[in-house]
Every structure is written in structure tokens, then in C-alpha cells.
Amino acid sequence: LALIVGVFYFLMIRPQRKRQQEHQQLMVELKRGDRVITAGGIYGVIESLSEDNIVIKVESGATMRVARGSVALKQER
């Protein structure tokens, strides 16, 4: 039983916690001018940030307000 719990922890729980910590670190490091991709697949550049949302400028020049947690990735330049 302990072996099953150990395997379950290393295959499911530990990787999920690591992803959560990486995402939390990404949220802390976001700044104006960063290129990001949202969870919905929208590419944009951060125009402004607040505590719980960000405003991104998309390729067409339009701006969008999205939840800060919806940022999935930060693009490298």
C-alpha cells in the first residue's frame, strides 16, 4: 500500500505541484512590455498590470483586459 501511495505521489502530485510553483513564479515576474500567450491562445504584449488582471495589446493594435492567471506562457524575444 505504501508503494502504491509513493508511486502515486511521484507520478501525479509532485509534477502538478512543480507546475503550479512555476506558474506562480511566472505571475510574479510579469512586467510591462513582456510578450505573453494566454490560456486561450491569444498572443500579446503587456501594456499594464494590476493585482488581478492585465491589459495586453494584440497584433491588430487592439487592447484586451484578461485575468492575470490566464497568462500561460511568456514568449522569449
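This is a predicted model: local features need pLDDT of at least 70, side-chain atom pairs count only at pLDDT 80 or more; totals for chains, interfaces and linings use all residues.
**Basis.** I number residues from 1 along each chain as its sequence is written, and I require pLDDT of at least 70 for local features and 80 or more for side-chain atom pairs, while totals for chains, interfaces and linings use all residues. Side-chain values use heavy atoms, with hydrogens and water left out.

**Entry: patch.** I looked up the nonpolar surface patch and found Leu 3, Val 7, Phe 8, Tyr 9, Phe 10, Leu 11, Met 12 and Ile 13, with about 820 Å² of accessible area together. Patch members have over 30% relative accessible area and no salt bridge, and nonpolar side chains are joined within 5 Å. Areas are Shrake-Rupley values with a 1.4 Å probe. Leu 11 belongs to helix α1, residues 2-29 (a DSSP run of H or I, at least four residues). I note Leu 11 as exposed at 64% relative accessible area (exposed is over 50%, buried under 20%).

**Entry: Met 27.** Met 27 is also in helix α1, and I record it as buried at 10% relative accessibility. Beyond four places in sequence, Met 27 touches Arg 68, Gly 69 and Val 71 (contact is heavy atoms within 4.5 Å). From Met 27 to Glu 59 I read 22 Å, C-alpha to C-alpha, at a separation of 32 residues.

**Entry: Arg 68.** I placed Arg 68 in the loop between β4 (63-67) and β5 (71-74) (strands are DSSP E runs of at least two residues). Arg 68 is buried but has no salt bridge (a Lys or Arg side-chain nitrogen within 4 Å of an Asp or Glu carboxyl oxygen). The nearest side chain of opposite charge is Glu 51, 6.2 Å away. The contacts of Arg 68 beyond four places in sequence include Met 27, Leu 30, Glu 51 and Asp 52.

Definitions and conventions: Patches are made of residues with over 30% relative accessible area and no salt bridge: like charges are joined within 9 Å, nonpolar side chains (Val, Leu, Ile, Met, Phe, Trp, Tyr) within 5 Å. Buried means under 20% relative accessible area, exposed over 50%, partly exposed in between (1.4 Å probe, protein chains only). Lys and Arg count as positive and Asp and Glu as negative; His and the chain ends are not counted.
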